[in-house]
Amino acid sequence: MAINTEKLSMILQHFVTATTDVQGAALVTPDGLPLGASLPSGMDEERVSAMSASMLSLGERIGIELARGSVDRIFVEGNKGFGILTGCGEDAVLLVLASETAKQGLLMLEIKRVLAELKLVLM
Amino acid sequence: MPNVLRQKLGDFNSILCFKAAILGMEEALGDKACAIALTTAGRARGKKLVETWGLDNSSLSLDDLASKLALALGQEGTKLCIVEKIVTEGEAIKVYTSETLCSAGELLGSQRKCTFTMGVVWGSLEKILNKRLRGVHTESVLRGGNHDVFEFTHLD
């Protein structure tokens with residue numbers, strides 16, 4: 001069955017515009033295809049998607065090889081902000097980009113909320 | 001074909017070396033991450049190919065695309081694989097290939113899937129059709145098939 005990518009993009013767009021400090025988000029398949037995205041200009045959706053899926057896969061490998069168990073999320077903290085990758089069920093991976101001023105606790109709550117919303121569309 | 005890139009050795013290198021590079025990447029990054037990277041690289045290559053032909057968003061038939069790909073990737077081209085035919089079955093587009101680089105040198109029964117090769121076909125189809133597709137390697141010469149078959153369905 002075809003995935004409603006339009007609806008997924010709308011949810012992501014709303015998430016990005018309505019959540020303080022969130023600068024972009026993308027939902028991608030585990031094999032690196034973009035399902036929906038609202039990214040800062042200049043970021044290539046295809047490249048971001050492939051990178052996100054590879055990163056999650058690499059994280060899973062690290063979890064296994066280095067005995068860290070199953071991976072809940074991958075967190076990249078840079079001096080200009082955060083990049084957070086979270087699994088969204090079996091069929092998708094959510095990438096969220098946030099500025100350095102984002103409060104991590106709030107951000108995680110918002111990600112949890114949008115994940116629930118996205119999963120409903122993917123079902 | 002473009003100008004020869006290496007004066008003495010020519011433009012082709014051994015599959016053995018290429019495979020060794022892939023195996024090394026799989027060892028370091030894991031099969032899945034490596035497969036994603038190779039498929040993505042293939043898709044980009046396929047899209048570029050169509051761009052160089054000036055055929056993006058064109059109304060090229062699948063038969064004509066098969067001929068174009070066969071020429072560009074086959075014996076007279078880069079020798080990535082032989083594209084035998086492209087057919088539609090219901091909503092799916094099936095691409096039949098043989099002698100793919102990805103399956104070359106593998107033992108019968110190997111679970112290896114085509115990544116870069118499938119990606120090239122995938123990217124070219126997406127560029128020609130101007131549609132986003134999802135690709136799966138459905139039949140393999142390594143697992144009893146007569147061809148390596150890639151099946152594409154519309155993503156949205």
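**Close-up 1. A:Met123, in the segment after helix H3 (104-122) of chain A.** Helices (H or I, at least four residues) and strands (E, at least two) are DSSP runs, numbered from the N terminus. The model is predicted: local features need pLDDT of at least 70, side-chain atom pairs count only at pLDDT 80 or more, and totals for chains, interfaces and linings use all residues. Residues are numbered from 1 along each chain as its sequence is written, while chains are lettered from A and ligands numbered from 1 in the order in which they are written. A:Met123 counts as exposed, because it has 7 C-beta neighbours inside 10 Å. A residue is buried if 20 or more other C-beta atoms lie within 10 Å of its own, exposed if 12 or fewer, and partly exposed in between, with C-beta atoms placed from the backbone. Along the chain, A:Met123 and A:Val96 are 27 residues apart; their C-alpha atoms are separated by 21 Å.

**Close-up 2. A:Ala92, in the loop between strands E4 (81-87) and E5 (93-99) of chain A.** A:Ala92 has 23 C-beta neighbours inside 10 Å, so it counts as buried. Not counting residues up to four places away in sequence, A:Ala92 touches A:Leu27, A:Val28, A:Thr29, A:Leu35 and A:Leu122. Contact requires C-beta atoms, placed from the backbone, within 7 Å. A:Gly42 is 50 residues from A:Ala92 in sequence and 23 Å from it in space, C-alpha to C-alpha.

**Close-up 3. The contact between chain A and chain B, with twelve residues from each chain.** On the side of chain B that touches chain A, helix H2 (residues 31-53) of chain B gives the most, with six residues. That side has five nonpolar, four polar and three charged residues. Ala, Val, Leu, Ile, Met, Phe, Trp, Tyr, Cys and Pro count as nonpolar, Asp, Glu, Lys and Arg as charged, and the others, Gly among them, as polar.

**Close-up 4. Helix H2 (residues 45-65) of chain A packed with H2(B).** The axes are 8 Å apart, at an angle of about 165°. H2(A) is therefore roughly antiparallel to H2(B). Axes are lines fitted to C-alpha atoms, for helices over the stretch in contact, and angles run from 0 to 180 degrees between N-to-C directions. Angles under 35 degrees count as roughly parallel, over 145 as roughly antiparallel, 65 to 115 as roughly perpendicular and the rest as oblique. H2(A) contributes A:Ala50, A:Ala53, A:Ser54, A:Ser57, A:Leu58 and A:Arg61; H2(B) contributes B:Lys32, B:Ala33, B:Ile36, B:Ala37 and B:Thr40. Six residues of this contact are nonpolar, three polar and two charged.

**Close-up 5. Helices H3 (residues 62-73) and H4 (residues 116-129) of chain B.** Their axes come within 12 Å and cross at roughly 140°. H3(B) is therefore oblique to H4(B). B:Leu65, B:Leu69 and B:Leu73 of H3(B) meet B:Val120, B:Val121, B:Ser124 and B:Ile128 of H4(B). Six of the contact residues are nonpolar, one is polar and none is charged. In H4(B), 13 of the 14 residues are buried, so this helix is largely enclosed by the rest of the structure.

**Close-up 6. Positive phi at B:Asn130 and B:Lys79.** B:Asn130 follows H4(B) and lies in the loop between H4 and strand E3 (133-139) of chain B. Its phi is about 55°, although B:Asn130 is not a glycine. With 9 C-beta neighbours inside 10 Å, B:Asn130 counts as exposed. B:Lys79, with phi near 60°, is found in the loop between H3 and strand E1 (82-89) of chain B. B:Lys79 counts as partly exposed, with 14 C-beta neighbours inside 10 Å.

Conventions: Contact = placed C-beta atoms within 7 Å.
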